[in-house]
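Please look through the sequence and the structure shown below before reading on. The briefing that follows takes up a few topics in turn.

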Amino acid sequence: MSEFTQLGDRYDIGQVVGRGGMAEVYEGTDRRLNRRVAIKVLRPDLARDPMFQERFRREAQSAAGLNHPNIVAIYDTGQDTIVDGTTEVQVPYIVMEFVDGVTLRQMLARGPRILPERSLEISAGILAALDYAHRHGIVHRDIKPANIMINSNGDAKVMDFGIARAMSDAASSVTATSAVMGTAQYLSPEQARGELVDARSDIYSTGCVLFELLTGATPFTGESPVSIAYQHVNEIPKAPSQVDPSIPATLDAIVLHSLAKQPNSRYQSAAEMRADVERAMAGMPIMASVTAHTSVIPVTAQNPVNDESLLPMGDADAPKRNIMKWIGAAVASILALGLIVFAGQQLFGSGISKVTVPNLATKTIAEATTSLENVALTLGTETPKNDENAPKGTIIGQDPAAGELLEQGQKVNVTVSNGKEQVVVPDVVDQFTVDDARALLIEAKLVLGKVTYEDSDKPEGTVTGQSPKASETVDVGSRVNVVISSGKVPVPSIVGKTKVEANAILVNAGFKVQVLYDLDENLAGGIVLAQSPSEGMALKGTTVTITVNKTVVAPTVTVSPTPTPTLSRTPSATITPVR
């Protein structure tokens, strides 16, 4: 096994993060730009073969000019000498964008089931990438979950244009050789027949991926790649809702339209399919309808070998002179399917002792090590990851995936559950509404729990309490219960108070005051006789009606002045003095 720590006097090599039929992908560092990169290196045993050298070179050329957010970017290419065993080998490499995430294959393998809405989001990203590539003359030709990364933001990024070709280069010998290359579960009918393909082949493969996202299984399965390829050409796929009745008919229409056997009956571009996917996401009517798009390709006189070779359809009225045509078709069928097997041998090599990678899911590290040793494989890197659905210390992902073939002595990298992710509970007390509290909890990856109400002098709707309390550490997804102010406060009792006192007490408690008057001769005037509401709780701002006793005013008495008596004078008598 080759060991090297740097390439091109520029890139430091880290751990293996992925493996394929042709190459290994390493995590690396670009010393010149001080950035994290992924470096794909052609396997040394294949680097000696000019055909694989050419294919690897074409991959870099195909993807180098594609600059799109849903396509893994190519930064650089080169070639360097490494030591493989006891010999030096010139190996080409491609320096790519490092995507912090997992492949769609890993997501499907570890579960849980991907929801239809999320399936459409992922498909829209794939189709956006393909639309861009197709407009630049590039057909991917190998769309499958293993070639789609999902980054930490949840965005889909298409990678590995390893067997992509320029549309204008259809006649090249390398293109013709790779015409039937691809992965059997996602192979278009025209690829299975060994024909040259165009962008609509990628549409079919994307339909297969969407089918698997929705149902958890590929449209066709079989014991061998040849049997699966035959089904792609000759059998009608089920509607996704036949596998899972909860899937809407709208999605049936999108999937089945993309899986039409004849390219002319499918979506004619990635943009057209993406438009329907986005309409479905928005709940709008789509353009496709569930029709006989998936019917097998009829026999035509224009192309009897390619159309009939894998699709002999019985016809009681066919003349006997067609017998030789059927024989020729059968021979062509065998040759075409044989070409698939041959291509697979060229891809994966022959004469090398390989074993099937065991399923390590749910096993502990010790159990996984034993399982791998039983088939002459070894445990590679162990990447911890929080997973609320898996016990701590159990394996939740592996690369290569279970069932793949791997040379004896190779490593299998695993992702190990670190248990549930822990987060700190935010402080939601004094938030003005329940929605404000809910937004803070969602941001912290928590869920609003039970909502109860209590009477409080705080404004109606204000959060007055929470459980668990702020700053406590809990599992992601935990519920936080909150207490909300009803806005109700006690109604003060003001009967017997004076009007002035009562008004001041009620206003200070947050109530409005309405005054009515009545008369009780037994009580002093200005005293509150009654109130409504009289007791209990009421919302602040409620009007309290008070009844005030009228002030009794004494009647006004007019006192007439006492007349001054008139004194009558007696005439004075004349007294004659006595002499």
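## Briefing on the predicted model

Of the 579 residues of the protein chain, 44% count as buried, where buried means under 20% relative accessible area, exposed means over 50%, and partly exposed is in between, using a 1.4 Å probe and protein chains only. This is a predicted model, so local features need pLDDT of at least 70 and side-chain atom pairs count only at pLDDT 80 or more, while totals for chains, interfaces and linings use all residues. Residues are numbered from 1 along each chain as its sequence is written, and side-chain values use heavy atoms, with hydrogens and water left out.

**The chain overall**

- The protein chain contains 16 helices and 26 strands; these are DSSP runs numbered from the N terminus, with helices being H or I of at least four residues and strands being E of at least two.
- Among the contacts in the protein chain with a separation of 6 or more, 65% are between residues 24 or more positions apart, a contact being heavy atoms within 4.5 Å.

**The nonpolar cores**

- The largest nonpolar core has 78 residues, and those with the most contacts inside it are I39 and I254; a nonpolar core is a set of buried Ala, Val, Leu, Ile, Met, Phe, Trp, Tyr and Cys residues joined through side-chain atoms within 4.5 Å.
- Helix α4 (residues 116–135) gives the most to this core, with nine residues.
- Apart from this core lies another one, of 15 residues, which includes V423, V434, A437 and L446.
- Leaving aside neighbours within four places in sequence, I254 is in contact with L210, Y267, M273, D276, V277, A280 and I286.

**Helix α10 and the helices around it**

- In helix α10 (residues 249–258), eight of the 10 residues are buried, and the helix is mostly covered.
- The buried residues of α10 are L251, D252, A253, I254, V255, L256, H257 and S258, and they pack against α4, α7 (199–215), α9 (240–243) and α11 (270–281).

- Two packed helices are described by the angle between their axes and the distance between the axes.
- The axes of α4 and α11 are 8 Å apart, at an angle of about 160°; axes are lines fitted to C-alpha atoms, for helices over the stretch in contact, and angles run from 0 to 180 degrees between N-to-C directions.
- α4 and α11 are therefore roughly antiparallel to each other, since angles over 145 degrees count as roughly antiparallel, under 35 as roughly parallel, 65 to 115 as roughly perpendicular and the rest as oblique.
- The contact between α4 and α11 involves residues of both helices, including L120, A124 and L127 of α4 and M273, V277 and A280 of α11.
- The axes of α4 and α7 come within 10 Å and cross at roughly 165°, and these two helices are therefore also roughly antiparallel to each other.
- Among the residues that make the contact between α4 and α7 are I122, I126 and L130 of α4 and I203, V209 and L213 of α7.

- Q410 lies in the loop between β15 (405–407) and β16 (411–417), and with a relative accessible area of 13% it is buried.
- L377 lies in the loop between α14 (365–373) and β13 (378–385), and at 1% relative accessibility L377 also counts as buried.
- Although Q410 and L377 are 33 residues apart in sequence, they are 5.5 Å apart in space, C-alpha to C-alpha.
- Leaving aside neighbours within four places in sequence, Q410 is in contact with R19, E24, L377 and T378.

**Backbone details in loops**

- Most residues other than glycine have a negative phi, and most peptide bonds are trans.
- The peptide bond from D399 to P400 is cis, with omega near 5°, and P400 lies in the loop between β14 (395–399) and β15.
- Another cis peptide bond joins S467 and P468, with omega about 0°.
- D430, a residue other than glycine, has a positive phi near 80°, and at 41% relative accessibility D430 counts as partly exposed.
- K445 is not a glycine either, and its phi is positive at about 65°; K445 is partly exposed, with a relative accessible area of 45%.
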